[in-house]
Amino acid sequence: MSARTKARKRALDMLFQADLVERPLAEVLADEQVRAAGEPEREASWRYARQIVSGVAEHFDDIDTEIEATSREWRLERMPRVDRAILRIGVWEIRYNEEVPNAVAIAEAVSSATEYSTEDSSRFINGVLGRIADRHTA
């Protein structure tokens, strides 16, 4: 598993936790930073996870608006928390991280959904992120 894939999983954990306990992302990120200081061997995954979570926090409202506008009548509240977290990471990578090709962002999101959610979720996430990527590359 690549360092970026590990970082996405770490970011997924943080986003999911913040959503589950209704805690600000900044607080969850600060707690994880303390934990990361004691794990120097995981520094590479920590840097990118921090970048993802900080980016999602910075663009949170825009990301959620885009997800809802693209998800074809699925309100965020109806989506499983893990799916919301995966979508937020995918949208951030597509919209705000030029280093990650859209196809990679989508494939990583679908892989996460397959592993941590349902088969239906992976298809749903693929469709939402595909439409967002198409809209932002056209």
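Predicted model: local features only at pLDDT ≥ 70, side-chain atom pairs only at ≥ 80, totals over all residues.
Reader: What makes the radius of gyration agree with a compact globule?

Author: The rule is 2.2 Å times the number of residues to the power 0.38, with the radius taken over C-alpha atoms. For 138 residues that gives a value near 14 Å; the protein has 14 Å, so the two agree. The C-alpha atoms fill a box of roughly 45 × 30 × 25 Å along the principal axes.

Reader: Which secondary structure elements does the protein have?

Author: Seven helices and zero strands. Helices are DSSP runs of H or I with at least four residues, strands are runs of E with at least two, and numbering starts at the N terminus. An unreviewed UniProt entry annotates residues 6-133 as "domain: NusB/RsmB/TIM44". Such annotations may be inferred rather than shown by experiment; feature names are shortened, and positions follow the numbering used here. Over residues 6-133 the chain is 79% helix and 0% strand.

Reader: How do you know that the span of helix 7 agrees with its number of residues?

Author: The expected span is 1.5 Å times one less than the number of residues. Helix 7 (residues 119-137) has 19 residues, so it should span 27 Å; its end C-alpha atoms are 27 Å apart, which agrees.

Reader: Why is Tyr96 called partly exposed?

Author: Buried means under 20% relative accessible area, exposed over 50%, and partly exposed in between (1.4 Å probe, protein chains only). Tyr96 has 25%, so Tyr96 is partly exposed. Tyr96 lies in helix 5 (residues 81-96).

Reader: What is Tyr96 in contact with, leaving aside its neighbours within four places in sequence?

Author: His59, Asp62, Ile63 and Val91. Contact means heavy atoms within 4.5 Å.

Reader: Which residues of helix 7 are buried, and what covers them?

Author: Among the buried residues are Ile125, Val128, Leu129 and Ile132. Their cover includes helix 4 (60-70), helix 5 and helix 6 (102-116). In the protein, buried residues make up 44% of the 138 residues.

Technical notes:
Residues numbered from 1 in each chain as written. Heavy atoms only, no water.
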